[in-house]
Amino acid sequence: MGKKNDTLCSYLAIPEVFADCINGCCFGGKRTISAEQLSECSQIIYGGMTGTRSRDVVKGVCNGRQYAIIGIEGQDKVHQAMPLRCLEYDMKQYREQLRLLRQKNLAEDKTARWESQMDNSENDRRKLSDAEFLSGIRDGEKLNPVITIVLYHGNIPYNGCLRLRDMLDLEKENQIFEPFVADYKMNLVTFDKLDESKFTTGFRELTGFMKRIQNRDELMKYRDENKERISRLDEETYTAISVLTGHKKLLKNKEKYREDGGYNMCKGMKDWEEFAKEEGKKEGIEKGLKKGKAEGEFGMLYELVKDGAITLEYAAAKKNLTVNKFQKELEKLQII
């Protein structure tokens with residue numbers, strides 16, 4: 001993973017941010033999940049089509065008898081095989097649940113059968129039926145649901161496959177098999193489609209910035225309209241915004257913007273704006289110097305050609321150009 005994705009995953013690992021992200025992305029902002037309901041899940045190492053890797057962020061959600069496993073995968077590039085990767089993650093998680101459940105049930109069955117031999121008891125509910133023994137699951141037992149969210153934070157629109165069927169050749173002759181092919185839908189979330197008002201933690205500001213990063217005027221407008229929150233960001237949110245938006249200067253000078261209420265991103269962005277203007281001026285000067293140097297060299301050669309000191313072919317050869325391209329450069333530099 002790159003630095004941006006690592007930063008995003010570290011940020012999402014914070015329970016309050018994780019819960020807020022899921023509530024805003026999946027439940028329209030309704031407070032369905034709280035940080036107190038989250039628990040850490042043991043990471044399962046996956047060895048599959050993409051090599052050995054583990055989930056980016058995964059947590060268990062427990063609310064009374066309700067339990068689910070939710071994973072978030074950060075993605076900054078379009079991945080055409082992402083539905084298959086997510087399916088692999090979910091499948092591994094289900095297999096692990098099945099393994100633990102089988103282990104528990106078979107152990108109970110073994111104990112029950114041993115005890116029944118000791119006391120000649122035949123009516124022990126811990127015993128598995130022949131059918132139950134095959135799967136290791138008792139009649140009525142269920143696995144906990146596993147959900148994977150792909151949070152895309154790349155610079156170009158996501159145009160990759162969104163479901164398993166998108167990856168399959170079901171055209172022409174293969175159409176006859178389509179009704180029998182199982183599908184898997186990938187849960188894709190992109191920042192540009194999110195409504196930041198649905199979030200309550202710093203993920204709200206992160207979303208606001210990520211949605212507008214390609215439009216400077218919209219970004220500055222957003223900053224000015226949300227000064228109260230943006231001027232007192234917590235450290236984790238400030239860092240996440242700085243890294244994910246590519247503003248290295250903000251991250252480098254982070255302590256400069258530290259105040260009693262948090263980190264003042266408004267001041268940081270104003271300084272960054274001034275820095276960007278200065279860099280733009282420097283870039284303009286550099287371009288001007290390069291252009292001036294080019295004009296000087298081409299102008300001198302052209303003057304020598306006009307004076308008859310050298311031929312046009314010789315002048316073009318000095319710049320490693322054909323005569324036609326040399327003349328076009330003279331026109332481009334407005335020398336002729």
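Visitor: Let's start with N320: buried or exposed?
Guide: Keep in mind that this is a predicted model. N320 counts as exposed, because its relative accessibility is 73%, and the cut-off for exposed is over 50%.

Visitor: And where does N320 sit?
Guide: In the loop between α11 (312-318) and α12 (323-332). Its backbone is worth a look too: N320 isn't a glycine, yet it has a positive phi of about 60°.

Visitor: Which loop is K172 in?
Guide: The one between β6 (146-152) and β7 (187-190). K172 counts as exposed because its relative accessibility comes to 70%.

Visitor: OK, strands then. In what order do they line up in the sheet?
Guide: It's an open sheet of five strands, β1-β4-β5-β6-β7, with mixed pairing.

Visitor: Which ones stand at the edges?
Guide: β1 (38-40) and β7. Each has a single partner strand, so one side of each has no neighbour in the sheet.

Visitor: How much are neighbouring strands turned against each other?
Guide: By 30° on average, if you ignore direction.

Visitor: Zoom in on β4 and β5. How many bridges join them?
Guide: Seven, between β4 (residues 57-63) and β5 (residues 66-75), and the two strands run antiparallel.

Visitor: You mentioned α8. What does T237 touch there?
Guide: T237, which lies in helix α8 (residues 235-244), touches Y11 and G202, leaving aside residues up to four places away in sequence.

Visitor: Is T237 itself buried or exposed?
Guide: T237 counts as buried, because its relative accessibility is 0%.

Visitor: Switching to α5 and α6: at what angle do their axes cross?
Guide: Roughly 155°, and the axes come within 8 Å. That makes α5 (residues 203-212) roughly antiparallel to α6 (residues 216-225), since the cut-off for that label is over 145 degrees.

Visitor: Which residues meet there?
Guide: From α5 you have R204, E205, G208, F209 and R212, and from α6 R216, E218, L219 and Y222. By class, that contact has five charged, three nonpolar and one polar residue.

Visitor: Stepping back, how many helices and strands does the chain have?
Guide: Twelve helices and nine strands.

Visitor: What share of the chain is buried?
Guide: Of the 336 residues, 38% are buried. The accessible surface is about 20400 Å², and 51% of it belongs to carbon and sulfur atoms.

Visitor: Last one: what share of the contacts comes from residues 24 or more positions apart?
Guide: 60%, counting the contacts in the chain with a separation of 6 or more.

Note on methods:
Residues numbered from 1 in each chain as written. Predicted model: local features only at pLDDT ≥ 70, side-chain atom pairs only at ≥ 80, totals over all residues. Heavy atoms only, no water. Helix = DSSP H or I, 4+ residues; strand = E, 2+ residues; numbered from the N terminus. Buried < 20%, exposed > 50% of the residue type's maximum accessible area, 1.4 Å probe, protein only. Contact = heavy atoms within 4.5 Å. Axes fitted to C-alpha atoms, helices over the stretch in contact; angles between N-to-C directions. Parallel < 35°, antiparallel > 145°, perpendicular 65-115°, else oblique. Nonpolar A, V, L, I, M, F, W, Y, C, P; charged D, E, K, R; others polar. Areas by Shrake-Rupley, 256 points an atom, 1.4 Å probe, with all protein chains shown as cover. Pairing = 2+ DSSP bridges.
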